[in-house]
Amino acid sequence: MDITRFISTHRKLLLVGVPILIILIFLATFPLYGGVYYTRLLTTILMYVILSVSWAMFSGSTGYMSLAPAAFFGVGIYTMGFLQSTLPFPVIIPIGGLFSFILALLVGMVTLRLRGIYFAIFTFGLVVFMSEVVAALESDLFGRVGQHINPLPDETIFYAMLVTAVATLLAIYFIRRSRLGLSMLSIGGNEEAAEHMGVNTTRVKVLTFAISAAFMGLVGVIMAPVKVYIDPRIAFSLSYSFMPILMSVFGGMGQFYGPVVGAVVFAYLEKTLRAQFPQYFMLGFGIILILVILFLPNGIAGLVPKLQNRLGGVLAKLRKGGEAEQHANT
Amino acid sequence: MSELPRLIVSGILSGSIYGLLAMGLTLQYGVARVLNIAHGEFVMVGAVLTYTLYTSFGINPLVAAAIIGPLLFGLGFLLQITLFRGLKAWAPSQAAFEGNALLAAFGLLYIISYIALLEFGAFPRRYDWLNYVVEFAGMSLRFNRIVAFAVAVVIGVAVYLFLTRSRLGRAIRATAEDPPTAGLMGVNINMVLALCFGLGALLAGVAGSLISMLIPVSTTLGFRNTVIALIVVVLGGLGSVPGSFIAGIIIGIVSSLVTSFWQPVYVVPVYFGILMVLLLARPAGILGKK
């Protein structure tokens, strides 16, 4: 086999594939040399990557703003809480995803027939609703609110998160390119037109919302052992809605990699700033969210084509200038 | 069941405050098209400031409300002419604007609640003002709740009259109906939007002052009140001002009944049950237009 020919025909694949493979190998071997602190940091980063990519998959493309990632994440955490003594960890992970999927399906069927504003209202309240329901359930079952989660080794959690992250990113990458993904985009562009083009808009919205919620449920289960102690207030904390939104908006929802970039940046910032400025940093994040929406509506990913254009322009000018010079010389 | 009349009256008393804060939210969404999920944070700011003014300076909570209201009006006015007007100018479509405004309000929620946390601390505090029982038609009720109810009703009626009878109120309703046409008729749209947003913040602040008279004040007050206001607003019909006041009173009664016949922890699930049935059966709410 001719290597140069292989490289030239599959140039694009290699250009994307090789770095991804290197990153994957780096991540898969990380716990061997990374140390506890950085393994945990990486677990948190992967968690936020999954949360924000799956949020952006639905809300970014359809324009229906879900304020409920925390609700689905919390459902995952509590699935672990309720089932930890009866089932093994790897079995609970998909169950958590399934519960979130079902919850989102129900919510979607009630609200996604209506205008986006009702959906936003309902999902915002869903976080409080779930936390109160779980509190009631917990006090009925155990006679008290809050419970301990049996800790698991950091490596187990890391690898569970890594596998889930890879699976989620692959799934969402293909969903975005599929008929379903295009239907979502058409809904975001102009819902009425999409309807007329034959897209069953309600079905697409409900299904994709439920899929995005399922990923959030998976992550919830995996993060539960990290928390050691959970109660409804911790599991359904509003930050788990806020952070994925901030990350997606910052990174840019139009591109697949946008939310990933946002998640990496803010997960790192959160982890490092929380210790030093426990309250100021959330205040700062709120300010950043507003500034980004105001001045950078397409996020970091929106800057890339602009920069390319400008760079391209400069290059073209240089080339032209060079040609002109040559002409002058001859 | 002899408890029932007292529970209903007590529900109406607290429901009037819900009505007030829902009126603010519905004005902001109905006219400025901003679903302000930071609305409850304005309530919390009202409550915290009233507490501070009363305990540090001995200012009567009702006087404090009269100071805080205009202050928050100014804040809301400024937010509309800077933040939300900027978002509107750059948004490619109305739907995109509503989405971005919602996310910006989420940022606002964090900013306000964390500033409050830094200044006020995390612990709930309370004060006593007119906190004694009076007999009314055979029922014993706390006097401060009656005062809060009276204030809420007076302000609610005043806002309603302002919207229906005054020239400016007519301009506001015209803008809610059809902004471009209202603009052609000579309405200063930007001024009207800012006015509505400010008025919404004012109503939230006053509701906060009234709430602070009744329950312990804490910085976590906001989130719950936003959720209550959202449910009330949908029940009353998005954009309908009288509808939201009536719905506020209904929700107040429901809350009072659930709390005493069942458990306080079921209040929010019951609200959600109502909301779900409503969205399935009549999304326009009780007084909204189809």
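This is a predicted model: local features need pLDDT of at least 70, side-chain atom pairs count only at pLDDT 80 or more; totals for chains, interfaces and linings use all residues.
Local features are described where pLDDT is at least 70 and side-chain atom pairs count only at pLDDT 80 or more, while totals for chains, interfaces and linings use all residues. Residues are numbered from 1 along each chain as its sequence is written, and chains are lettered from A and ligands numbered from 1 in the order in which they are written.

**View 1. Chain A as a whole.**
Let us begin with chain A, which has 15 helices and two strands. Helices (H or I, at least four residues) and strands (E, at least two) are DSSP runs, numbered from the N terminus. Along the principal axes, the C-alpha atoms of chain A fill a box of roughly 95 × 55 × 50 Å. Of its 330 residues, 44% count as buried. Here a residue is buried if 20 or more other C-beta atoms lie within 10 Å of its own, exposed if 12 or fewer, and partly exposed in between, with C-beta atoms placed from the backbone. Among contacts in chain A with a separation of 6 or more, 79% are between residues 24 or more positions apart. Two residues are in contact if their C-beta atoms, placed from the backbone, lie within 7 Å.

**View 2. The surroundings of Trp55(A).**
Trp55(A) sits in helix H3 of chain A, which covers residues 35-62. This tryptophan is buried because 29 other C-beta atoms lie within 10 Å. Leaving aside residues up to four places away in sequence, Trp55(A) touches Ser66(A), Pro69(A), Ser212(A), Pro244(A), Ile245(A) and Ser248(A). Ser139(A) is 84 residues from Trp55(A) in sequence, and their C-alpha atoms are 31 Å apart in space.

**View 3. The loop residue Val228(A).**
Find the loop between helix H10 (201-227) and strand E2 (229-230) of chain A, and you will find Val228(A). Although Val228(A) is not a glycine, its phi is positive, at about 65 degrees. Val228(A) counts as exposed because it has 10 C-beta neighbours inside 10 Å.

**View 4. Where chain A meets chain B.**
The contact takes 34 residues from chain A and 40 residues from chain B. On the side of chain A that touches chain B, the elements giving two or more residues are helices H5 (89-111), H6 (116-142), H12 (239-251) and H14 (280-295) of chain A. H6(A) supplies the largest share of that side, 14 residues. Sorted by class, this side of chain A has 27 nonpolar, six polar and one charged residues. In this sorting, Ala, Val, Leu, Ile, Met, Phe, Trp, Tyr, Cys and Pro count as nonpolar, Asp, Glu, Lys and Arg as charged, and the others, Gly among them, as polar.

**View 5. Chain B as a whole.**
Now turn to chain B, with eleven helices and two strands. Following the sequence, they come in the pattern α-α-α-α-β-β-α-α-α-α-α-α-α. The C-alpha atoms of chain B fill a box of roughly 55 × 45 × 35 Å along the principal axes. Buried residues make up 52% of the 290 residues of chain B.

Glu135(B) stands opposite Ser140(B) in E2(B). Two residues lie between the strands of this hairpin, where Ala137(B) takes a positive phi near 50 degrees.

Helix H9(B), residues 221-236, has 16 residues and reaches 22 Å from its first C-alpha to its last, close to the 22 Å expected at 1.5 Å a residue. The expected span is 1.5 Å times one less than the number of residues. H9(B) is mostly covered, with 15 of its 16 residues buried. Gly237(B) follows H9(B) and has a positive phi near 100 degrees.

**View 6. The contacts of Leu21(B).**
Not counting residues up to four places away in sequence, Leu21(B) touches His39(B), Val43(B), Leu203(B), Ala204(B), Ala207(B), Asn225(B) and Ala229(B).

**View 7. The loop residue Arg33(B).**
Arg33(B) lies in the loop between helix H1 (4-32) and helix H2 (39-57) of chain B. Its phi is positive, near 60 degrees, in a residue other than glycine. Arg33(B) is partly exposed, with 18 other C-beta atoms within 10 Å.

Methods. Two strands pair if DSSP finds at least two bridges between them.
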